[in-house]
Structures are given as C-alpha cells and as structure tokens.
Amino acid sequence: MSPARRVLVPLPDRDFDVTEVAVPWRKLTDAGHEVVFATEQGHMPAADPLLLTGVLFGKLGADPEPRRFYGDLTLTEGFQKPLTWDAVVPEDFDALLLPGGHAPGMRQYLGSQALQAKVAAFWALQRPVAAICHGVLVLARTKDPATGKSVLHGTRTTCLPKYMERSAYLLTAWKLGRYYRTYPAYVEEEVVAALAEATHFERGPRVVAKRGTATDHTPAFVVEDGRYVSARWPGDAYLFAERFLTRL
C-alpha cells in the first residue's frame, strides 16, 4: 500500500458538481489518503443543489451512490472547515485535484487569479494534478510565470466537450436559462486555445447519457499525460479517480 498523501481540492462556495467531488473524495480516503478542501474565505462549501434533486423533472442529476458519498462528505470536519485559498502552501501537498461544475457559483473558482497563482506554483512542483470537466478551465487560465502561456501549453488533455455542453444547454434553456452555459465561450474552445496544438485536445468517444460506475468503466474516458490526468464529465469520475490514485 502506498504511503498516505495529502491531496488539495479547491472549491467555490457553491455550485460544484456532486459526483466530481464526492467520488474522488471517497476513493482517495478509502485508499488512506488525506483530502484537504479549500475555499476562498474558508466557508463550508455546498454542491449544486439541482444535482442533488434532479436538474429537470427529477432527472439529469447525480446518481444515487455519488449522492450518498456527498452526504458522508458533508459530515466531515475537513469539509466543514476548509482552508482559505490564501492559506494554501502548495509545497505542503502531494497532489492537486480540480473538480468541475457549471452553475453560476462556479465562476468564483474558475475565474480567481488568486487561486490560479496557487495552481501555477503547484504545477511547477511537478507533482500529480487531476482536473475534470470545467476544472480543466482553471489550468487553461493558469499562466506559467516563465512563459506567459497556460500551464497546459504542451500537454495533452480533455475537458467538457462542446457537443455535450451545447446539448445540455439546448435541452434545459427553456426552463433554466443559461444554467448549462457558465461562460459565453464553450469550455472546449477556451481549453483548446490554451494548448500548443489543437491535436493535444482529446474529445473521446461520443456519449449521450450512460455513465461509468465503480464496476463498469466502459462509457468512461480519461486522458493521461505523465503526472496529469483529465476527464470530461461526471460520467468519467470513477475511472478518473482510479487513474489519479495510481499517481499517488
């Protein structure tokens, strides 16, 4: 069994994805690692509530098992009393995990230059990093101080695909407006623009609704590039967590 590692998971105050946080947390802690959460001001965070109740007519939310994991997570002291982003010392952590989410509260986390500075410092340590869905945007927006380019420049990655973001938006816009469009640009477009070559982006097999589970990774897809692991959406979360674990 590998030695226990400290894994940093920054979050916004609200609206992060239930599955993309709870599944890796469960897998990491079950393997004996310590997950340390951090929010901007140290407030206890809260997941996107629609993913707990169902986005539309009780559908499109998180699956039952990740919801149970999230319920367990909210009872832990580390989640209830996170660090502040300013208090994070990158060298104190063995790995970094950047979850996603698309509801409006995510902008606090996705657009924070203070958080990006911490991420840049961690990236420079050459330690394991994982990002899923909108979490890849944090890396795309984080600049290497030496080059002025994204830390993802020269790295292969995936993220939330444009077709998936667009389909969810068109399906729900009549009731939820821009709930599924965090920014005017699609996540994929911004991520690809940050890469050295468009071919460094990997979209993966087209998926409609089927999600990977703890026992079935068939629908799931991740991209691995050295110490870096990325995934597209909650349906990849179990495989994503497993591949990240191998780097610890």
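How much space lies in the largest cavity? About 40 Å³. This is a predicted model, in which local features need pLDDT of at least 70 and side-chain atom pairs count only at pLDDT 80 or more, while totals for chains, interfaces and linings use all residues. Residues are numbered from 1 along each chain as its sequence is written, and side-chain values use heavy atoms, with hydrogens and water left out.

**Cavities**

A cavity here is a set of points, on a 1 Å grid over the protein atoms alone, where a 1.4 Å probe fits but cannot get out; lining residues have an atom within 4 Å of a point. Grid points are joined across faces, edges and corners, and a volume is the space filled by probe spheres set on the points. That rule gives two cavities of 30 Å³ or more.

| Cavity | Volume | Lining residues |
|---|---|---|
| Largest | about 40 Å³ | Thr 19, Asp 63, Pro 66, Arg 211, Gly 212, Pro 234, Tyr 238 |

For residue classes, Ala, Val, Leu, Ile, Met, Phe, Trp, Tyr, Cys and Pro count as nonpolar, Asp, Glu, Lys and Arg as charged, and the others, Gly among them, as polar. The largest cavity's lining splits into three nonpolar, two polar and two charged residues. Helices (H or I, at least four residues) and strands (E, at least two) are DSSP runs, numbered from the N terminus.

**Around β9**

Strand β9 (residues 228-231) points Tyr 228 and Ser 230 one way and Val 229 and Ala 231 the other, and all are buried (under 20% relative accessible area, 1.4 Å probe, protein chains only). Two strands pair if DSSP finds at least two bridges between them. β7 (residues 129-132) runs parallel to β9, joined by four bridges, with Ala 131 opposite Ser 230. β8 pairs with β9 in the antiparallel sense, also over four bridges; here Val 222 has Ala 231 as its bridge partner. The β8 and β9 hairpin has two residues between the strands, and Gly 226 takes a positive phi near 65°.

**Gly 204**

Gly 204 sits in the loop between α9 (187-194) and β8 (222-225). Why does Gly 204 count as partly exposed? Because its relative accessibility is 32%, and partly exposed runs between the 20% buried limit and the 50% exposed limit. Leaving aside neighbours within four places in sequence, Gly 204 is in contact (heavy atoms within 4.5 Å) with Phe 221 and Arg 232.

Note on methods. 1 Å grid on protein atoms, 1.4 Å probe; cavity = no way out; pocket = protein on both sides within 12 Å on 5 of 7 lines; lining within 4 Å.
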